[in-house]
Amino acid sequence: MVRRIHHLDFVVRDLDRATQLYRRILGQEPLPREHLPQRGIDLVRFRLGETWLILVQPLSDASPVMDFLRQHGEGFFHIAYQVDDAASKGQELADDGIGVVNLEPRLGVEGWKLVDLDMADTLGVMTQLVEQVGSDEN
């Protein structure tokens with residue numbers, strides 16, 4: 001069962017500029033900038049109630065996020081739904097004929113376990129399942 005919208009990601013060209021903009025829009029400070037070299041990105045997270053708004057900047061031309069930025073420009077990148085068990089929910093969806101990119105969850109920020117769904121089966125929306133490990137109270 002989906003518990004909530006866990007996070008929304010927006011891809012940006014300039015993380016500092018985007019962070020300043022969203023500070024003004026949201027009226028709050030984000031968590032410190034995070035560097036994920038294994039994904040080739042830097043990011044900044046804002047907490048909005050139970051949901052994270054995440055700004056993502058690709059760091060290299062080889063990054064899949066850079067490919068997305070080139071094709072679609074800045075803006076909405078993907079939605080992530082929190083589930084109790086990402087691997088089980090991914091398998092359940094796969095068994096129901098919905099494309100799952102990775103049945104084995106990959107690790108995200110704070111140990112989040114992430115399963116990506118096939119955009120062809122999600123109305124063209126990049127979609128993730130997130131299993132939260134431990135507390136998410138930052």
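**Core packing, charged pairs and ring contacts in a predicted model**

Arginine 45 lies over the face of tryptophan 52, at 4.4 Å from the ring centre; a charge is counted as sitting over a ring if NZ of Lys or CZ of Arg is within 6 Å of the ring centre and within 35 degrees of the ring normal. The structure is a predicted model, in which local features need pLDDT of at least 70 and side-chain atom pairs count only at pLDDT 80 or more, whereas totals for chains, interfaces and linings use all residues. Residues are numbered from 1 along each chain as its sequence is written, and side-chain values use heavy atoms, with hydrogens and water left out.

Tryptophan 52 also takes part in a ring pair. Rings of Phe, Tyr and Trp (its six-membered ring) were paired if their centres lie within 6.5 Å, with planes under 30 degrees apart counted as stacked, over 60 as edge-to-face and the rest as tilted. Four aromatic pairs were found by this rule. Tryptophan 52 and tryptophan 112 form a tilted pair, with 6.5 Å from centre to centre and 45 degrees between the planes. Tryptophan 52 lies in strand β4 and tryptophan 112 in the loop between β6 (106-107) and β7 (113-117), so the pair ties together parts that are 60 residues apart in sequence. Helices (H or I, at least four residues) and strands (E, at least two) are DSSP runs, numbered from the N terminus. Tryptophan 52 is buried at a relative accessible area of 1%, and tryptophan 112 is buried at 3%; buried means under 20% relative accessible area, exposed over 50%, and partly exposed in between (1.4 Å probe, protein chains only). The rings of phenylalanine 68 and phenylalanine 77 have centres 4.7 Å apart and planes at 70 degrees, so this pair is edge-to-face. Both phenylalanine 68 and phenylalanine 77 are buried. Ring pairs also join Phe10, Tyr22 and Phe76 into a cluster.

In soluble globular proteins, nonpolar side chains tend to be buried together. A nonpolar core was defined as a set of buried Ala, Val, Leu, Ile, Met, Phe, Trp, Tyr and Cys residues joined through side-chain atoms within 4.5 Å. The largest such core has 17 residues, and the members that touch the most others are Val11, Ile41, Leu43, Ile54, Val56, Val65 and Trp112. At least two residues of this core come from each of β3 (41-48), β4 (51-58), α2 (64-72) and β5 (75-83). Helix α2 supplies the largest share, four residues. A second, separate core holds nine residues, including Val12, Leu15, Val44 and Phe46. Contacts (heavy atoms within 4.5 Å) were listed for valine 56. Leaving aside neighbours within four places in sequence, valine 56 is in contact with Asp9, Phe10, Val11, Val12, Leu15, Ile41, Asp42, Leu43 and Val65.

Helix α3 (residues 86-95) contains lysine 89. The buried residues of α3 are Ala86, Lys89, Gly90 and Leu93. These residues cover an arc of only 100 degrees around the axis, which puts them on the same side of α3; the arc is that of the directions from the helix axis to the C-beta atoms. Among the elements covering the buried residues of α3 are β5, β7 and β8 (127-131). Lysine 89 has a relative accessible area of 16% and is therefore buried. Residues up to four places away in sequence not counted, lysine 89 touches Met1, Val83 and Leu129.

Side chains of opposite charge can pair when their charged atoms come close. The structure holds twelve salt bridges, each being a side-chain nitrogen of Lys or Arg within 4 Å of a carboxyl oxygen of Asp or Glu. Arginine 17 forms one with glutamate 74, where the closest N and O atoms are 3.1 Å apart. This pair links distant parts of the chain, with arginine 17 in helix α1 (residues 15-26) and glutamate 74 in the loop between α2 and β5, 57 residues apart. Arginine 17 is partly exposed at 43% relative accessibility, and glutamate 74 is partly exposed at 36%. A network of salt bridges links Arg13, Arg17 and Glu74. Glutamate 29 and arginine 23 also meet in a salt bridge, at 2.8 Å from N to O; glutamate 29 is exposed, with a relative accessible area of 57%, whereas arginine 23 is partly exposed at 24%. In the salt bridge between arginine 70 and aspartate 61, the closest N and O atoms are 3.2 Å apart. Arginine 70 is partly exposed at 48% relative accessibility, and aspartate 61 is exposed at 56%.
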